[in-house]
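Biologist: Can you walk me through the salt bridges in this one? I'm new to it.

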Amino acid sequence: MLTFKQKQLLDYLKSYFIKKSIFPTFDEMKKELKIKSKSGIHKLLIGLEEKGFIERVPHKARALKIRNKIDNI
């Protein structure tokens, strides 16, 4: 089960990628979710990754992969 903010971020990632064929920057994510720090976004991304909704590529900007996970979201 995702938290409200995790669901919000996942939905934003999906819609952004559909529109622009690239994932948003941390600053764009911060602005969209009204979060003040990049570490807050980082924690949300880690949570999504641990729950299997996304896959991140270390040391690369905007390198994400959204997994087709059917879950109770």
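Biologist: Which side chain does Glu49 meet in a salt bridge?

Modeller: Glu49 meets Arg56, at 3.2 Å, N to O. A salt bridge here is a side-chain nitrogen of Lys or Arg within 4 Å of a carboxyl oxygen of Asp or Glu. This is a predicted model: local features need pLDDT of at least 70, side-chain atom pairs count only at pLDDT 80 or more, and totals for chains, interfaces and linings use all residues. Residues are numbered from 1 along each chain as its sequence is written, and side-chain values use heavy atoms, with hydrogens and water left out.

Biologist: What is the relative accessible area of Glu49, and of Arg56?

Modeller: Glu49 has 31%. Arg56 has 25%. Glu49 is partly exposed, and so is Arg56. Buried means under 20% relative accessible area, exposed over 50%, partly exposed in between (1.4 Å probe, protein chains only).

Biologist: Next one. What does Glu55 pair with?

Modeller: Arg67, with the closest N and O atoms 3.0 Å apart. That pair links distant parts of the chain, 12 residues apart: Glu55 is in strand β1 (residues 54-56), and Arg67 is in the segment after β2 (64-66). Helices (H or I, at least four residues) and strands (E, at least two) are DSSP runs, numbered from the N terminus. Glu55 is partly exposed at 33%, and Arg67 is partly exposed at 40%.

Biologist: Which residues are linked in a network?

Modeller: Asp27, Lys30 and Lys38. Asp27 and Lys30 meet at 3.8 Å, N to O. They sit 3 residues apart in helix α2 (residues 26-33), so about one helical turn separates them.

Biologist: How many salt bridges in the whole structure?

Modeller: The search finds 6.
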